[in-house]
Amino acid sequence: MLPFLLLLLLLPSSSTALDFCVGDITAPQTPSGYHCKSPTKVTVNDFIFNGFEKPGNTTNIIKAAVSPAFAAQFPGLNGLGISLARLDLAAGGVVPLHTHPSANEVLLIVQGSILAGFISSSNSVYYKTLYKGDVMVFPQGLLHFQINAGGIPSVAYASFSSSDPGLQITSISLFGSSLPSKIIEVTTFLDHAQVKKLKAVLGGVN
């Protein structure tokens, strides 16, 4: 047994290529992520992200900004099953009901206060106002939201169990798309005027 172990130690190691799969973001993304960059082209900068040093731009209709550190922005995360994002909420800011189809989310509050919650598949509702240092988890695929609960800007960091968690915002999917108004009216029980008003706000057509 001892000679065999010594032989293994003396064999050239090729494990480096298996340690990580830095994403080649110059190529199209596939359902399983990006193809691996050649190890000879990998540098330390592939494992470093510098995009959280400044607040995101919250001058928009929801007064919120999400700065992602997903595989597309942080190639070193590709294939590792993790990612991060910075959330900035101005006073009155809101992240509307949305889902991440591919990931669980953990949210850490670092400034201000945020009313956050989610709706389970049995329509149970879980929500609470979170303050600096509080952490909340949002299970994969469930509708959830975040609302600034104070009069000052709030900041939080989210971690995800995927390098590409995906995002679908319910209101934008309904009223910011080309789904015909008649179908929305039938499936949501909203009247024609309400649907048209929301489409006008969110840029939907048909």
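Colleague: Which side chain meets Asp-46 in a salt bridge?

Modeller: That's Lys-37, at 3.0 Å from N to O. By salt bridge I mean a side-chain nitrogen of Lys or Arg within 4 Å of a carboxyl oxygen of Asp or Glu. Bear in mind that this is a predicted model, where local features need pLDDT of at least 70, side-chain atom pairs count only at pLDDT 80 or more, and totals for chains, interfaces and linings use all residues. Residues are numbered from 1 along each chain as its sequence is written, and side-chain values use heavy atoms, with hydrogens and water left out.

Colleague: Is Asp-46 buried or exposed?

Modeller: Asp-46 counts as buried because its relative accessibility is 8%; buried is under 20% relative accessible area, exposed is over 50%, and partly exposed is in between (1.4 Å probe, protein chains only). Lys-37, at 22%, counts as partly exposed.

Colleague: How many salt bridges does the structure hold?

Modeller: There are 2. Arg-86 and Asp-88 also pair up this way, with 2.9 Å from N to O, and both of those residues are buried.

Colleague: Switching topic, which cysteines form a disulfide?

Modeller: Cys-21 and Cys-36, with their sulfur atoms 1.9 Å apart; the cut-off for a disulfide is a pair of cysteine sulfur atoms within 2.5 Å. A search of the whole structure turns up 1 disulfide.

Colleague: What's the handedness of the Cys-21 and Cys-36 link?

Modeller: Left-handed, with -110° about the S-S bond. Cys-21 itself counts as buried, at 18% relative accessibility.
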